[in-house]
Amino acid sequence: MIFSTLEHILTHISFSMVSIVITLHLITLLGNEVVGLYYSFEKGMIITFFCITGLLITRWIYWKHFPLSDLYESLIFLSWSFYIIHMILYFKKQKNNLSAITAPSALFTQSFATSGLLTEMHQSAILVPALQSQWLMMHVSMMVLGYASLLCGSLLSIALLILTFQKDIIRIFDKRKFLVTEAFFFGEIQYMNQKDNILKSASPLYIRNYYRSQLIEQLDHWSYRVISLGFIFLTIGILSGAVWANEAWGSYWNWDPKETWAFITWTIFAIYLHIRTNKNSRNSHSAIVAFIGFLIIWICYFGVNLLGIGLHSYGSFTLTLN
């Protein structure tokens, strides 16, 4: 009774904190000079993280199994994984730029999990025989950690892709403007170029392009590192799942919809890592693959559960609309 009450309290506190933190996050994005609100936002993220950690531990003690038996618990664990990634980047001093991507991932995942849409799944139940195994913690935790890392890394790559696209558009626009100017004002072009070389270093546009290039390099660096970590988690999760499947169903691989889409996800990000090792390839090429992988992950993690078929159908759910 005590743990059940504590679970409800932590759920309501975490949802309330998410609402406050989302509001602070939007304000900090709109007003860059509000430093106090940014630190309040980070404190709110830390408080929410501890609330989710307490919620997971409470469910673990109360229901006597690792809290990854259904979609609701896996969503809570997914948001907890997003918070971990956000904290790592925060303490690595990658604050303003990358937190704008990692923080919403954690907040919106948790807000969906703790909202009224999954009320039927908030109450855990006795595990089905297939889940009554020590492999539950190993397999599912590695898969969810892999999903979280790959999703965050893919979002960083998508941001890189958007900035690269904007940079290319600006470069094309400037080139066309230069050609038009050269055609009509050929006599004055040398003087303008000399003046431009003098003022270029002090130009706000030049400074903006410099910081945009620095941000693109930073996004590329961290997206590669986070996706590489997620790929390792995903590989361990798939291998441990194969061993568990052999114990539970007598076969290492059954081409279940969840297994098939997990293999597709693994293949997509293996292609991403292969492209990243090619020094002649542009960053945007790997970012496009990461964007495809981002969509595939949600099909694998969330879309397959909507079907409610296959050997992983115990993770399916029905939305409750009031």
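L78 touches T109, V144, Y147, A148, W298 and Y301, leaving aside residues up to four places away in sequence. Contact here means heavy atoms within 4.5 Å. This is a predicted model: local features need pLDDT of at least 70, side-chain atom pairs count only at pLDDT 80 or more, and totals for chains, interfaces and linings use all residues. Residues are numbered from 1 along each chain as its sequence is written, and side-chain values use heavy atoms, without hydrogens and water.

L78 belongs to the largest nonpolar core, which has 72 residues. Such a core is a set of buried Ala, Val, Leu, Ile, Met, Phe, Trp, Tyr and Cys residues joined through side-chain atoms within 4.5 Å. Buried means under 20% relative accessible area, exposed over 50%, partly exposed in between (1.4 Å probe, protein chains only). M45, L78, Y83, L107, Y147 and L219 have the most contacts inside the core. Elements giving two or more residues include α1 (2-30), α3 (71-91) and α4 (96-113). Helices are DSSP runs (H or I, at least four residues), numbered from the N terminus. The largest share, 16 residues, comes from α6. The core lies between domain 1 (1-122) and domain 2 (132-180 + 206-321), because both give residues to it. The domain bounds come from an automatic or database assignment.

Helix α6 spans residues 135-184 and holds M137. M137 is partly exposed, because its relative accessibility is 37%.

Now helix α8, where S240 is found. S240 counts as buried because its relative accessibility is 4%. S240 touches W135, M138 and H139, again not counting residues up to four places away in sequence.
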